[in-house]
Amino acid sequence: MKELQRDDALDLYYKMSISRALEQKCVDLSGLWYPSIGEEAAIVGTFWSAEDDDVLYPHYRGSMVVQWMRGRPLEDIFRAMLHREGSASKGRHAPPFDGFPAGGVMPFATIMLGPNLAMAAGTALALQHRQSSAIAVCAFGDGTSGTGDFHETLNLAAVLKLPTVFVCQNNQFSISTSAGSALAAPVHHWAAGYGMPSVQVDGNEVRAVTEAIGESIAYTRESRQPSFVELTTYRRTGHFAADPARYRDKGELRRAEQADPLERLGTYITSGLAVDHDDLRVVGDRAADEIAAAFERASAGRALTSEDLDLTGVYAR
């Protein structure tokens with residue numbers, strides 16, 4: 001496994017800490033939130049390696065930190081969530097799904113999961129026609145891997161040689177159905193069957209994630225052909241925050257908590273990169289403070305009413 005430079009490791013730790021604090025704030029706000037707590041290495045590590053002009057299609061679970069990484073202010077994310085004045089969508093579209101097109105992070109136009117793969121492939125086709133050096137990077141869950149959208153898109157991407165990096169964020173559950181009971185083979189084996197380079201790595205180890213994703217992105221950018229990475233992680237909550245997840249084995253959860261991606265990266269930083277524990281704690285505290293401040297600023301804004309929901313931004317003039 002490739003070693004990280006000190007500044008890169010601290011940057012990843014900071015971004016993963018933002019993701020954790022952001023998701024925890026959303027859980028506190030609503031039991032209907034779809035958390036990505038425990039999947040930070042897979043999410044941040046995937047999109048950390050992309051170039052600025054690459055077009056990103058993150059999984060809805062954890063997409064907000066990707067939008068922030070591409071320049072969307074945290075306050076703007078909370079404004080959309082809280083239906084406050086200044087929200088680009090006027091609160092019509094929740095932050096996990098609305099994307100950040102200005103930063104090249106595409107929205108979930110259908111609110112369905114499978115079509116995101118086809119849209120990423122379509123974007124790659126457009127990049128191909130433009131002879132652009134940019135690529136599309138698309139993340140999705142293990143549940144989506146069992147759909148026709150997955151197989152049809154991977155086949156088409158391989159046939160047309162579309163510059164797309166497909167990333168399966170395999171958190172072991174599709175709502176309440178475990179991957180082991182729903183998928184007949186490891187997801188990366190299916191991708192390999194379509195003739196594209198494919199690998200499976202530990203999605204809770206950010207060094208492994210950035211190395212595998214970095215190699216796939218480099219291959220796709222140079223060859224202009226698709227590649228595939230499966231990241232094994234674990235959904236530590238229910239499908240939504242208030243879901244008690246009685247379908248889950250408690251031993252699995254304990255093992256996942258022991259493999260916490262933030263703690264693993266923190267241990268690597270303090271033991272291998274000579275960073276003091278107190279200095280690392282400052283990074284985590286900074287992330288928590290930024291989330292709290294952004295939420296407070298957004299909360300102070302005027303709440304949108306039905307009178308604000310006109311047709312502006314819905315139809316082109």
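**Entry 1**

I noted the cut-offs: angles under 35 degrees count as roughly parallel, over 145 as roughly antiparallel, 65 to 115 as roughly perpendicular, and the rest as oblique.

I then listed the contact, meaning heavy atoms within 4.5 Å. H1 contributes residues including Leu10, Tyr13, Tyr14 and Lys25. From H13 I wrote down several, among them Val283, Arg286, Glu290 and Phe295. By class, I find 13 nonpolar, two polar and three charged residues in the contact of H1 with H13. Here Ala, Val, Leu, Ile, Met, Phe, Trp, Tyr, Cys and Pro count as nonpolar, Asp, Glu, Lys and Arg as charged, and the others, Gly among them, as polar.

**Notes on the model**

The model is predicted: local features need pLDDT of at least 70, side-chain atom pairs count only at pLDDT 80 or more, and totals for chains, interfaces and linings use all residues. Residues are numbered from 1 along each chain as its sequence is written, and side-chain values use heavy atoms, with hydrogens and water left out.

Helices (H or I, at least four residues) and strands (E, at least two) are DSSP runs, numbered from the N terminus. Axes are lines fitted to C-alpha atoms, for helices over the stretch in contact, and angles run from 0 to 180 degrees between N-to-C directions.

**Entry 2: H1 against H4**

Next I checked helix H4 (residues 74-82), which packs with H1 at an angle of about 20°, the axes 13 Å apart. That makes H1 roughly parallel to H4. H1 passes H4 in a right-handed crossing. Ile18, Leu22, Lys25, Cys26 and Leu29 of H1 meet Leu74, Phe78, Met81 and Leu82 of H4. I sort this contact of H1 with H4 into eight nonpolar, no polar and one charged.

**Entry 3: H1 against H2**

I turned to helix H2 (residues 40-48), where the angle with H1 is about 125° and the axes are 9 Å apart. That makes H1 oblique to H2. This crossing of H1 and H2 is right-handed. Asp8, Asp11, Leu12, Lys15, Met16, Ser19 and Arg20 of H1 meet Glu40, Ala41, Val44 and Trp48 of H2. The classes in the contact of H1 with H2 are five nonpolar, one polar and five charged.

**Entry 4: the sheet**

I traced five strands in an open sheet, ordered E1-E2-E3-E7-E6, with parallel pairing (two strands pair if DSSP finds at least two bridges between them). Strand E1 (55-57) and E6 are the edge strands, each pairing on one side only. The twist averages 15° from one strand to the next.

How many bridges join strand E6 (residues 198-202) to strand E7 (residues 227-232)? I find five. Val199 has Val229 of E7 as its bridge partner.

Key
Left-handed = near helix turned anticlockwise from the far one by under 90°.
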